[in-house]
Each structure stands twice: as structure tokens, then as C-alpha cells.
Amino acid sequence: MSTGAELPKGLHRIIQLPSPELGELWDSIVLDQAIKDQLIGQAIINFTVRQSVSRSVLPLHGTVLLVGEPGTGKTSLARGLAHKTAECFSGASFRLLEVDPHALGSAMMGKTQKAVSDLFGQTIAESALTGPTIVLLDEVETLAADRSKLSLSANPVDVHRATDAVLVQLDLLAETHKNLLFIATSNFPQAVDEAFTSRCDLVLEVPPPNLKACEQILTLCLKGMGKQFAAMAKLPQTAGFDAVANEVHGLDGRAIRKVVASALTLRKQVAMNPNELSMADLTKAAKAAKAVRAKGTKR
Ligand SMILES: Nc1ncnc2c1ncn2[C@@H]1O[C@H](COP(=O)(O)OP(=O)(O)OP(=O)(O)O)[C@@H](O)[C@H]1O
Ligand SMILES: [Mg+2]
């Protein structure tokens with residue numbers, strides 16, 4: 001993994017794939033297997049079918065967009081997908097480039113268009129020349145903002161130009177560098193430029209967890225904690241667990257995991273020794289999280 005000052009502008013990480021850490025991330029997201037399979041399928045055809053079939057027959061751009069509410073696992077899935085894809089092509093040297101759109105947009109205000117062009121036209125294109133490359137465009141609405149919704153008076157012309165530059169570069173790369181796959185995420189799909197969305201080969205909505213998924217997320221979290229605090233791993237088999245799962249239904253995956261964290265803070269002896277965590281603590285934390293969420297949605 002490469003991080004730090006030696007990275008080209010606009011990237012905040014380069015990861016050699018496969019990466020078992022990212023594999024764990026993929027496994028940690030509870031989601032309908034059909035959705036996970038479709039994501040992997042789309043990534044596979046990008047590096048197989050797309051390489052040999054003309055774009056006039058199958059207009060693949062090499063871009064996938066994951067949309068969904070905050071905390072539903074989009075970034076984790078995107079990073080995990082990079083690993084799963086590389087795993088399917090053992091022998092090939094894949095790498096993941098993680099773009100930092102905020103660095104492009106803010107730190108280089110006034111130079112965004114050039115920064116975008118350099119990043120896509122040089123850094124990303126050069127990486128693709130040396131081997132199959134997957135690019136994470138997290139929170140892509142920052143980079144490909146919907147130009148129709150930006151008012152020129154309130155938003156710098158620079159933002160418009162950045163979106164234009166992204167689209168131009170995506171078109172160029174789609175034509176010339178086929179061993180590239182962009183995985184973008186957004187929790188504001190309405191803020192993403194339509195021209196970007198229409199270039200995506202797959203736009204997939206990551207849904208909030210249903211009741212069964214809530215139960216599984218809680219179980220995974222408690223079992224994970226159980227590696228350090230053995231008693232916590234037994235909670236999913238304890239009376240009252242179903243009621244807690246019911247209680248967290250309606251929260252997103254991130255909030256459900258945070259319920260476990262906040263349950264540990266309610267009593268000093270539990271904070272000191274998480275093995276003391278009770279179902280009552282979990283219920284109380286879940287109810288509190290739901291109450292906060294309810295207030296938030298009324299605002
Ligand atoms: N479906 C899920 N199953 C298990 N864990 C989940 C799920 N969804 C989210 N999480 C957990 O929530 C946390 C946040 O996930 P992640 O950052 O991938 O979400 P996101 O959709 O990208 O959020 P945001 O829109 O705020 O960027 C992670 O710890 C992840 O494991
Ligand atoms: Mg995210």
C-alpha cells in the first residue's frame with residue numbers, strides 16, 4: 001500500500017491487488033448475494049468482453065456507480081470489489097487508485113480543470129499502461145457535479161469546468177485504455193451530472209438493510225468483538241436478541257455497528273470490561289439511536 005507525500009496529486013492511496021484487507025471489507029457488508037454477484041459480473045466483463053468487442057457493438061465505458069443512503073456500505077463495497085475483481089484474474093497485476101476529489105476541488109481552486117486533466121490523462125492513463133487499474137471515485141458528486149443544478153453566480157466556473165474535464169477524460173480513456181475500471185459512489189445521486197450517470201455501465205442502488213440483514217450485521221459485529229471479548233460472541237444466541245434486531249431495523253449498517261459501540265459506553269463496568277455487555281444495554285442504545293434518527297428525519 002502506498003500513501004503519503006510521494007503520491008501524485010489527487011490520489012490519496014494506491015493499493016496493490018489482491019488485498020486480503022479489502023476482501024474482509026467486502027465480506028463485512030451484508031447485502032443480497034445477487035447484488036454482490038452482479039457487481040463482480042460487471043467488473044469481470046470489463047476486463048474480458050470489453051477488451052475484444054468494439055464499442056460500436058457494446059458501448060462499455062468502464063464505469064460503475066454505487067448510489068444509496070449514507071452508511072449503507074458503498075465505499076466498503078467499491079474497495080472490496082476491486083479486490084474481488086483482481087482475485088478473478090490471478091496472475092495479472094491489478095492496482096487500485098483511490099482518488100481524493102476534495103483535494104482536486106478545494107486545495108487547487110482555480111486549477112481544478114487542469115488537476116482533473118492531469119490526474120485522468122496522465123496519472124491514471126500511465127497506470128493503465130503498466131497493468132489493469134481500478135479507480136475509486138468516492139463521493140463522485142464532488143467531481144462530476146450536476147452542471148444543470150449549479151448556478152454560475154453561486155458556484156465558481158471552475159466546478160463546471162471540472163465536470164466537463166471529467167467527462168472529456170472519461171471518454172478519452174474509455175477509447176484508449178480499456179483495462180481501466182472506474183468505481184464511483186454517491187449518496188447524492190441527484191447531484192451527479194446526468195452525462196456522467198449516462199456513461200455508467202451499471203448504476204446500482206445499495207439498499208438500506210432489511211430486518212434479516214440488520215440481524216446479520218449485529219451478529220457480525222458482536223462476533224467480531226467476540227474475538228477480543230468472548231462473552232460478546234454469545235449475545236446473538238441469547239434471549240432478547242431478536243428484539244434488539246427489530247429495534248435497529250430502520251438504521252443503516254454504519255449506525256447499527258455504532259449501536260454496539262455506544263452500548264459499551266452506557267455503564268462504566270461495561271466500558272471497563274465489554275464482556276459485561278447485556279441485552280438491556282444493547283436495547284437501550286438501539287432505542288436511543290432510533291430516537292436520534294427520528295429527530296433527524298423530522299428536521
Ligand atoms: N450492509 C452492511 N452490512 C454490514 N456493515 C455495513 C453495511 N453497511 C454499512 N456497514 C458498515 O458501516 C460502515 C460505513 O460503511 P461505508 O463507509 O462503506 O458506507 P457508505 O455507504 O460509503 O457511507 P457514506 O455514504 O456516508 O460514504 C462500515 O463500517 C461498514 O462495515
Ligand atoms: Mg462512502
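**Aromatic cluster, nonpolar cores and ligand surroundings**

Phe 47 is buried, its relative accessible area being 11%. In this predicted model, Phe 94 is likewise classed as buried, with a relative accessible area of 2%, and the two residues together form an aromatic pair of the edge-to-face kind, in which the ring centres are 4.9 Å apart and the planes stand at 70 degrees to one another. The pair connects distant parts of the chain, since Phe 47 belongs to helix α2 (residues 33-47), whereas Phe 94 lies in the loop between α4 (74-88) and β3, 47 residues apart. Phe 94 also pairs with Phe 89, and because the centres of these two rings are 5.7 Å apart and their planes at 20 degrees, this second pair is stacked. Phe 47, Phe 89 and Phe 94 accordingly make up one aromatic cluster; the count of aromatic pairs in the model comes to four.

The largest nonpolar core contains 33 residues, of which Phe 120, Ile 124, Leu 137, Phe 182 and Phe 196 touch the most other members. Two or more residues are given to this core by each of the strands β1 (11-16), β2 (63-67), β3 (95-99), β4 (133-137) and β5 (180-186), and by each of the helices α6 (112-130), α7 (157-176) and α8 (194-199). Of these elements, α6 provides the largest share, amounting to seven residues. The surroundings of Leu 137 illustrate the packing: when residues up to four places away in sequence are not counted, Leu 137 touches Val 99, Phe 120, Leu 143, Phe 182, Ile 183, Ala 184, Thr 185 and Phe 196. Apart from this core lies another, of 28 residues, and its members include Phe 47, Ala 82, Ile 134 and Val 206.

Strand β3 also holds Glu 98, a residue that is buried, with a relative accessible area of 1%. The side chain of Glu 98 is joined to that of Arg 79 by a polar contact of 2.5 Å. Once neighbours within four places in sequence are left aside, Glu 98 is in contact with Gly 10, Leu 11, His 12, Arg 13, Ile 15, Arg 79 and Leu 136; for one of these residues, His 12, the C-alpha atom is separated from that of Glu 98 by 5.8 Å, although the two residues are 86 places apart along the chain.

A backbone N or O atom of Gly 71 lies 2.9 Å from an oxygen atom of ligand 1, while a backbone N or O atom of Ser 28 is found 3.5 Å from a nitrogen atom of the ligand. From the side chain of Arg 257, an N or O atom is 3.2 Å from a nitrogen atom of ligand 1. Taken alone, ligand 1 exposes 640 Å², and 84% of that area is buried by the protein.

His 249 is situated in the loop between α10 (241-248) and α11 (253-263), where, at 35% relative accessibility, His 249 counts as partly exposed. Apart from neighbours within four places in sequence, the residues in contact with His 249 are Pro 209, Asn 210, Leu 211, Cys 214 and Lys 290.

The peptide bond leading from Leu 17 to Pro 18 is cis, with omega near -5 degrees, and Pro 18 has its place in the loop between β1 and α1 (20-28). Glu 139, in the loop between β4 and α7, has a phi near 50 degrees, which is a positive value in a residue other than glycine; at 36% relative accessibility, Glu 139 counts as partly exposed.

Technical notes. Residues are numbered from 1 along each chain as its sequence is written. Chains are lettered from A and ligands numbered from 1 in the order in which they are written. This is a predicted model: local features need pLDDT of at least 70, side-chain atom pairs count only at pLDDT 80 or more; totals for chains, interfaces and linings use all residues. Side-chain values use heavy atoms; hydrogens and water are left out. A nonpolar core is a set of buried Ala, Val, Leu, Ile, Met, Phe, Trp, Tyr and Cys residues joined through side-chain atoms within 4.5 Å. Buried means under 20% relative accessible area, exposed over 50%, partly exposed in between (1.4 Å probe, protein chains only). Helices (H or I, at least four residues) and strands (E, at least two) are DSSP runs, numbered from the N terminus. Contact means heavy atoms within 4.5 Å. Rings of Phe, Tyr and Trp (its six-membered ring) pair if their centres lie within 6.5 Å; planes under 30 degrees apart count as stacked, over 60 as edge-to-face and the rest as tilted. A polar contact is a pair of N or O atoms within 3.5 Å; within protein, one must be able to donate a hydrogen and the other to accept it, and residues adjacent in sequence count only if both atoms are side-chain atoms. Accessible areas come from the Shrake-Rupley method with a 1.4 Å probe; for residues, only the protein chains shown count as cover.
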